[in-house]
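Hello! Here is the structure I promised to pass on to you. Have a look at it first, and then read my notes below.

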Amino acid sequence: MKILFVTSEAYPFIKTGGLGDVCGALPVALRKRGIDARLLLPAYPAAMSRARLTGETIPMGNILGVGETRLLGAFEPESGCPVWLVDCPPMFERSGGPYMMYPGQDWPDNFYRFGLLSKVAATIGTAGHLMDWRPDVIHCHDWQTGFVPAYLRAWGVSDPPVVFTIHNLHYMGLFGQDVLKLLGLPESMWNLYGLAHHGLVSALKAGIQYSRIVTTVSPTYAWEICTPLGGLGLDVFLRERGDDIRGILNGIDPVVWNPENDPYIVAPIDPESPEQGKALNKAEVQRSMGLDMDPDRPLFGLISRLVDQKGIDFLLGAVHHLVAQGGSLAVLGAGEPWLEAGLNQAAASYPGKVSIHVGYSEELAHRIEAGADFLLVPSRFEPCGLTQLYALRYGTVPIVRNTGGLADSVVPITHKTGGTGIVFDHALTDALEWAIDQAISLYSDKSRLHDIRKRGMACDFSWDASAKDYIRIYESLVTEPSGT
Ligand code: ADP
Ligand code: GLC
């Protein structure tokens, strides 16, 4: 079976968050199970420098009126996963991030950039003459690809069927009504049951309304977005899709995140006896981040985009408590300036106890996962979350809020059931302080900590089960004629 994976990011070509991790790892996991999954990705400079080009070039013409567009055949050198790069220099050959010109400022022509990606995907799906490879299913990810099923619907085409995965409902891809004309989509789509959302066009809503199956990245988040509280005004449309909404928990890439063989960390961590490896990695984080070199001080880590979703504001309220109770904090993150400033100020107030590295560093992310005793994920909402999964694998006890994929992946520690992490309910400083107290007390009971670490490291968060769930969906779509 042939699956075209359409995405705006995929590790190691380009990554800003978990979407990149998933779209890097899932196609590889599918390929291992005999599925011919191929990526379609914009030819950003970063992707061009990572990809190994095959030399195959398919001219597509100026299909959206924004510049001559070509498909460049390539593959990822380590995994061998094939990728088609959408080459349109006026759209993608830029410095800056994939979505923003600089922090806080989206590229003003994002509707064109991801409209082009979407139109190319829809064209690959329908135009048999383009290449000798035509997908059985197009698998789209997040708002950047929501126009794919809209194009197919506009062209009156129901084959190939589209699976649309929501990684985050909050990013809706909102634009003025005029973009419909600019993208060549019919005005008739401008209605409540089409892609209109509160007076704007929503690319995400297009994905929800026009795709055959909608998935999201954990069962609990699938439920949450169908409620008025979590649905952000889209819940009614999601509920109407009934059984076509599925929640499938993300897996992790076992090669990239392997505590026994991770080139970024200073010592391997043995799942049977993690203490020695943890201690060496902790010392390295303390040293490199300017924290006091105290092996007995519990180290809390945070690796996060610094945005409202992640609960950083109420974490700031708990920093004093964390330090006063004897902990220290290592933060890696970038995002909203007021949250960066708040964390910088906390680091200045507690030298040796709190340290922040503002920016993006794959290496430091691995090192903090390996060196921290506890990893904080205090999100207000979290569709899946990956840092808690990496933490479990690296013998680091996650502290998570009871929401979305965090609730589905961390089993609360109790004396009776054992459990794998500390789970708190409310998005409030008080609740987080309670969780920090649990962590401090757990840290003083080394034999219990040892058991919990080992249990976390033994959890299976590989893509095995979830890849099978996706394959079942693809198979159901190619064997049953679609209704759309
Ligand atoms: P989200 O996708 O909402 O950002 P996830 O937990 O699903 O949250 O995924 C975050 C991914 O991005 C993880 O791989 C994490 O290690 C990584 N990450 C987040 N911030 C940084 C950073 N500043 N530097 C390096 N990696 C980061
Ligand atoms: C989004 C979500 C995150 C999820 C990731 C990958 O960025 O915020 O919770 O893990 O996508 O699906």
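Helix 1 (residues 18–32) supplies the largest share of the shell around ligand 2, namely 3 residues. Please keep in mind as you read that this is a predicted model.

Let's stay with ligand 2 for a moment. There are 14 residues around it, and the ones that come nearest are His-167, Asn-250, Glu-382, Cys-384 and Gly-385. Sorted by class, this shell has 6 nonpolar, 6 polar and 2 charged residues. Domain 1 (2–251 + 464–479) and domain 2 (275–458) each contribute at least three residues to the shell.

Which contacts can you look for on your screen? Here are three of them:

- The side chain of His-167 has an N or O atom 2.6 Å from an oxygen atom of ligand 2.
- In the side chain of Gln-309, an N or O atom is 3.2 Å from an oxygen atom of the ligand.
- With Cys-384 the backbone is involved: one of its N or O atoms lies 3.0 Å from an oxygen atom of ligand 2.

How much of ligand 2 does the protein bury? Taken alone, the ligand exposes 310 Å², and the protein buries 93% of that.

Next, the second largest pocket. It holds about 700 Å³ of space. Its lining is made up of 37 residues, with Tyr-11, Ser-79, Asp-253, Val-255 and Val-256 nearest the centre. Helix 1 and helix 14 (362–371) are the elements that give two or more residues to this lining. By class, the lining has 20 nonpolar, 6 polar and 11 charged residues.

Helix 15 (387–393), strand 19 (397–401) and helix 18 (446–458) are the elements that give two or more residues to the cavity lining, and helix 18 has the largest share, with 3 residues. The cavity lining divides into 5 nonpolar, 4 polar and 1 charged residues.

Enjoy exploring, and write back with any questions!

Methods. Residues numbered from 1 in each chain as written. Chains lettered and ligands numbered in written order. Predicted model: local features only at pLDDT ≥ 70, side-chain atom pairs only at ≥ 80, totals over all residues. Heavy atoms only, no water. Near = heavy atom within 4 Å. Polar contact = N/O pair within 3.5 Å; in protein donor to acceptor, adjacent residues only side chain to side chain. Areas by Shrake-Rupley, 256 points an atom, 1.4 Å probe, with all protein chains shown as cover. Helix = DSSP H or I, 4+ residues; strand = E, 2+ residues; numbered from the N terminus. Nonpolar A, V, L, I, M, F, W, Y, C, P; charged D, E, K, R; others polar. Domains from an automatic or database assignment. 1 Å grid on protein atoms, 1.4 Å probe; cavity = no way out; pocket = protein on both sides within 12 Å on 5 of 7 lines; lining within 4 Å. Points joined across faces, edges and corners; volume = space filled by probe spheres on them.
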